[in-house]
Amino acid sequence: MVDGVKGARSKAGAAVLTCALVAGGSVAVARGLQARADGTGGSGAEPTAQKAAGDTKPSAQQATGDSKPASGAAPTEKAATLETLYDGGLGTGWKDIGWAQRELPRGAPARMRLFNYGGWILYRPKLEGSFGALSLRLSAPESYGEFLEVRLDAQGTTSFPRIPITSELQVRKDGEWAEILIPMELLNPRGEAFDRVVLRASKDVGRDWVLFDKVSLVPLPPEVAAALAAGGGRTGKGTGRETKLTIDCTAPGHRISPLIYGIAMDGLREKKDQHQYRMGATTRRWGGNPTSRYNWKLGGAWNTANDWFFQNVDIGLGYQDFIDSNRKHGMMSAVTVPLLGWVAKDTTSVGFPVSKFGPQRGEDNGSGNGVTRDGTPLKPGAPSQTSTEASPEFVAEWVRTIRERDVARGGERNVRMYILDNEPMLWNSTHRDVFPEPLTYDGLLSRTIAYGTAVRKADPDALIAGPAEWGWTNYLWSAADFAPGKAPHSDRRAHGDVPLLPWYLRQLREHEKKTGVRILDVVDVHFYPQTNVGVGLEGNTDPETNARRIRSTRGLWDPTYKDESWIAEPVRLLPRLKEWIAQNYPGRSISIGEYNFGAFGHMSGGLAQAEALGRFAQENIYSAYFWQYPTNGSPVFWAFRAFRDFDGRGGHFQDYWVPAKAEEGTSVFASRDESGTKLVAVVLNFDPDQAAQAKVELKGCGTLEGARVLGYSGAPGGFLEQTAGSKTAGTLTQRLPPYSMTVLDLTVKKP
C-alpha cells in the first residue's frame, strides 16, 4: 500500500486517506447539467474522514472520524442575483435598442432576422448585481450552423470579449430549441461594470427568423462552479492553436492486455462504493501494507501496521468476499500473499500498547505508534504479541484452497496472479513491530524462493509476480543499504554492485536453470511520482503543480525526461524494466502494482491518469493497478471511462494498439478492432487555457467513413457527444477544448 508518497529513502509511514470529492463539472459548460441517467454524474461518495494521530495519517483501510471538504470543491457564489432580460417580453427596466429587423410579440419569444450581420441589444441603465452566467434559449435554422456571438457592453471605452456560441456552450437540446449558458468568466473576465448584452450574427445568414427567449443573467450553476474549481470547463479563445496528430496503421502494433485497467480494493469502503464497478476496471488487486499480515484462516483479520498504530483488526470481509465480488462484476483478481513470516493472530492485539510501552507520540484507544513523546522509536516486543507464524506451507494451503474452490465451480480461474507480498524493503518501517531489521538482498531472494516455490506447487498454472517494491531506491538498493551504523550501499557492493532488481532477476533465472522451478512470471513494481504532486484527493492544484503532475507521467516511458525530484535523473521505468528483463531473465512480463498521481478532483489528475493508461497500452505491459480507485464522477473516474465506457453503452478503446504521434502539449492514443474497420482514439489537450485545432491524419488506415466525437473537460455528466469536425478520406480536423479528453470513435473502409 502506499497511502502517501514514499520519501526519498523510506516510506514515512503515513497514509493519505481517500476522502470524497465534489465532482468536477464543466463549462463545456453546463453541459454537465444533463448528467446521465446511469447515475454516474455528480458528486460521488460522501466525504470520509481524515483522522491524524502523531506523525501518521490513516490508511483508506482503517480510518474514521470527522469529515473534511474535498479539495477542488466549488466556490460559493457570492451575492449572486437573477436578472431577467427577456422572457415572453422585456424584463423590468430593460430596453430594446437592436439594429436587426425584429418582432417582440407579447407573451412569446423574440423574433429576429439576422441577415447582413444583424444584431439585438438589450440595455438597462445603471444595471447592478453579481452574476455568474448569461442564459438564453435559441431556435435557428439548422443551415445557419454556428453563427451567433454574444458580448457585454457599456458606455465609454471598456471592451468585452466576443464569445462565439458553440456546441460547447449548449446545455441541452429540446426539439428546435437550444439552451445556452455562458459563464461570466468568458463574457467578463475582468469583472467590469456593464449595462447591455449584444447578440449578433458573426457571419452573413439568411432571412429566416431566429427566435430568442428566456434571456437572463443568472447565478453560476453549482455544476459549472465545480467544473471551474476543478480546473476544467474553459472553452478557450478562437479556434485554438493548430496541432498535428498522426495515427499510423502501417506501423507494427500489438494486442493490448485488458488487465492494464486495474484498481485496488479499499477494505473500509468495499461494501459502500458501487461506482468502482461502473468505471470499467477489468481486474482488482488484494494488496497494500495490511495484506502482508493477513490471516486467511481468520476471515477478515490483518494488522494495520505503521499506517494505523499496528492494530490487529477485523475489516468485516475476507479474501473470498473479495474474489466473489470480482467474479460477480466480471473482474479478475490478483491476490497478495504474505512473505513477511507473521500474520495477525486475532483481531484485538496491538503492537505497542500504551499499558506496556508507556505514553507515545501518537495514541489511539490504548494503541501507540511506537514512538516516545520525545521522538525516540521504541524497541518492539516479541512478534507473538500480535502475530502468529506464517510459513510457506501456510501460504500454499491458502493458494490450494482458492484453486480448489475455482475447480469446484467448473474450473474457471478468477485469481490469475499471486503477488509475493508488498514493498518488502519497507518492512522494517511499515511492520517494524514484527520485522525491525532491514531486509537484505539475500533475505529477499530466500523468501521469494521459499514462498514462491510453495505457490508454484499449490497452483502450477498461476502467474507469480514480485517483488512489489515501492519505488526508485528499492529498484536499485536494499533496505540494508541504508541501515544506520553501516556503510552506505554496503549490501549492494557485497553483491557485485549490481542494482537490486537486475540481481534479483538474475538469481531467479539461475534458480530455474538449476531446479526447473519457475518462481517469477511477472516483474511487479510500484510507481509514485516523487515530485510532490500528492496521492488520492491530496495534492496542490496551482498551475505549476498541475503541469508538473502531468509531466511526471513521463517518468514511466520517456527516456529524455529528467525526474523533477530528488531523483534528478531519467527514471524511464518501463524501458528500464524491459532492459533489465532482457538482460537478466527474458520472458518476464511487467505489472505496475500501484500508482497514483493525486488530485482526483482536478482535471490535471484526470489528464495524468488518462495519459498513464494510454502509455500502459503503448508499452505493452501485462497489468496495472491504480491505488485504490477514484471517487465517483471525478476527472480520474472519467479518465478510466475514456478507455472503458466513454458513451455509457460500452464504447471502449479497442483490443489492438495502433502507433500514433502528437505534437507537444497534446497526446493521442489509438486502437483498432480485429477487422481494422473500427478505430478508437483518446486525444488529450494538456493546455489549461488554450484550445487546440487538431488535424488528425489516418495513415494507411483506410477511408474515413464515419466519425463520432465525445468530449469531457470536467462536466459531472462525463463524456458528451460533440459536433464532429471537418473530414476528408484520410483526415479529421477536430477542436480540442482546454484541459480536455476527446474520444474519436471512427469507422473506416479498409484499403
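I take helix axes as lines fitted to C-alpha atoms over the stretch in contact, with angles running from 0 to 180 degrees between N-to-C directions. Helices (H or I, at least four residues) and strands (E, at least two) are DSSP runs, numbered from the N terminus. I note that this is a predicted model, in which local features need pLDDT of at least 70 and side-chain atom pairs count only at pLDDT 80 or more, while totals for chains, interfaces and linings use all residues. Residues are numbered from 1 along each chain as its sequence is written, and side-chain values use heavy atoms, with hydrogens and water left out.

**Entry: two helix pairs**

I looked up helix α7 (residues 441–458) and helix α10 (residues 500–515), whose axes come within 11 Å and cross at roughly 40 degrees. The two are therefore oblique to each other, given that angles under 35 degrees count as roughly parallel, over 145 as roughly antiparallel, 65 to 115 as roughly perpendicular and the rest as oblique. In contact terms (heavy atoms within 4.5 Å), α7 brings Y441, D442, L444, L445, T448, I449 and T453 against L500, W503, Y504, Q507, L508 and H511 of α10. The residues of this contact divide into 8 nonpolar, 4 polar and 1 charged, where Ala, Val, Leu, Ile, Met, Phe, Trp, Tyr, Cys and Pro count as nonpolar, Asp, Glu, Lys and Arg as charged, and the others, Gly among them, as polar.

I then turned to helix α11 (residues 543–552) and helix α13 (residues 603–618), whose axes come within 8 Å and cross at roughly 10 degrees, and which are therefore roughly parallel to each other. Here N546, R549 and I550 in α11 meet S604, G605, L607 and A608 in α13, a contact with 3 nonpolar, 3 polar and 1 charged residues.

**Entry: strand β10**

I found that 6 of the 7 residues of strand β10 (residues 177–183) are buried, which is to say under 20% relative accessible area, with exposed over 50% and partly exposed in between (1.4 Å probe, protein chains only). Strands pair if DSSP finds at least two bridges between them; β10 runs antiparallel to β6 (residues 133–139) with 6 bridges, and antiparallel to β9 (residues 170–174) with 4 bridges. E179 in β10 is the bridge partner of R137 and also of R172. In the hairpin of β9 and β10, with 2 residues between the strands, G175 takes a positive phi near 65 degrees.

**Entry: A724**

I placed A724 in the loop between β35 (720–722) and β36 (731–736), and at 33% relative accessibility this residue counts as partly exposed. Leaving aside residues up to four places away in sequence, A724 touches A707, V709 and Q734.
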